[in-house]
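Subject: Structure handover

Hello,

Here is the structure for your files. My notes on pockets and aromatic contacts follow below.

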Amino acid sequence: PSPSSPPDGRKYHGMAYVGDDNVLLFGGGVSSSNSETWIYDLSANTWTDKSPSTYPSARSDHAMAYIGDDQVLLFGGNDGSNDDETWLYDLSANTWTNKSPSTKPGARSYHAMAYMGDDQVLLFGGNDGTWDNETWIYDLSSDNWVQDSNSSQPSARYYHAMCATSMSGSSYLLLNGGNTSTGVNDETWTFGGGDYSLPVELSSFNAASTRCDAITLTW
């Protein structure tokens, strides 16, 4: 697209969808990190430096994810040392808010986050001084992080990538790769099943047909 006036060249920054063909970019840098907040508008092919009055400290290697209603969640990163802050950006208000939840993951960088739907974001892994294999879920309505206790999960890793497969939150999250204690990894993992999974009570139905906005179940 070659937009005019783009952000300066940088690395180790974070980007996330923020609704209505807009993408949020925060932080990163070259010789040192910055605290810039940029929005890319696909329909206009323009970058805009939003310059909010309050914002996270300059950092790199953080993770960001859409969390619904033109908002993006940011966690962690390195601002001279690993950080454990939880920030929320609201596009319509052009504001960053430090959420300061009472329960949260430990300080880390090189982790990954993805939108789960229903104003929730999942965080996995990262480097908190060593490889990490924790799974955490943030819920905006309760402003709290909860650690997932599922015994089946990827091995400890960082530098992995993770994303949602639907903005409606009705499908799986996908994780690929990463750096583990045994080297670079090529595994593909999925988390959850979204709204497509039938409740156990309906599992004995053996046929279903759809008509307009109705669903007919038969034995």
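**Pockets**

Sorted by class, the residues lining the largest pocket comprise 19 nonpolar, five polar and one charged. Please keep in mind that this is a predicted model. The largest pocket has a volume of about 450 Å³. Its lining counts 25 residues, and those closest to the centre are His-62, Ala-63, Met-64, His-111 and Ala-112. Two or more lining residues come from each of the strands β1 (14–19), β5 (63–68), β9 (112–117) and β13 (161–164).

The second largest pocket holds about 190 Å³ of space. There are 15 residues in the lining of this second pocket, and Thr-135, Pro-154, Trp-189, Thr-190 and Phe-191 lie nearest its centre. By class, that lining has nine nonpolar, five polar and one charged residues. The strands β10 (120–124), β14 (173–176) and β17 (188–191) each contribute at least two residues to the lining of the second largest pocket.

**Pro-154**

Where does Pro-154 lie in the chain? Pro-154 is in the loop between β12 and β13. Its relative accessibility is 8%, and because the cut-off for buried is under 20%, Pro-154 counts as buried. Leaving aside residues up to four places away in sequence, Pro-154 touches Phe-124, Asn-133, Leu-175 and Trp-189.

**Aromatic pairs**

The structure holds twelve aromatic pairs. One of them joins Phe-75 and Trp-145 in an edge-to-face arrangement, with 5.4 Å centre to centre and 65° between the planes. This pair links distant parts of the chain: Phe-75 belongs to strand β6 (residues 71–75) and Trp-145 to strand β12 (residues 144–147), 70 residues apart.

Are Phe-75 and Trp-145 buried or exposed? Phe-75 counts as buried because its relative accessibility is 0%. Trp-145 counts as buried too, at 1% relative accessibility.

Elsewhere, Tyr-110, Trp-131, Tyr-158 and Tyr-159 form one aromatic cluster.

Regards

Conventions
Residues are numbered from 1 along each chain as its sequence is written. This is a predicted model: local features need pLDDT of at least 70, side-chain atom pairs count only at pLDDT 80 or more; totals for chains, interfaces and linings use all residues. Side-chain values use heavy atoms; hydrogens and water are left out. Rings of Phe, Tyr and Trp (its six-membered ring) pair if their centres lie within 6.5 Å; planes under 30 degrees apart count as stacked, over 60 as edge-to-face and the rest as tilted. Helices (H or I, at least four residues) and strands (E, at least two) are DSSP runs, numbered from the N terminus. Buried means under 20% relative accessible area, exposed over 50%, partly exposed in between (1.4 Å probe, protein chains only). On a 1 Å grid over the protein atoms alone, a cavity is a set of points where a 1.4 Å probe fits but cannot get out, and a pocket is an open set with protein on both sides within 12 Å along at least five of seven lines; lining residues have an atom within 4 Å of a point. Grid points are joined across faces, edges and corners, and a volume is the space filled by probe spheres set on the points. Ala, Val, Leu, Ile, Met, Phe, Trp, Tyr, Cys and Pro count as nonpolar, Asp, Glu, Lys and Arg as charged, and the others, Gly among them, as polar. Contact means heavy atoms within 4.5 Å.
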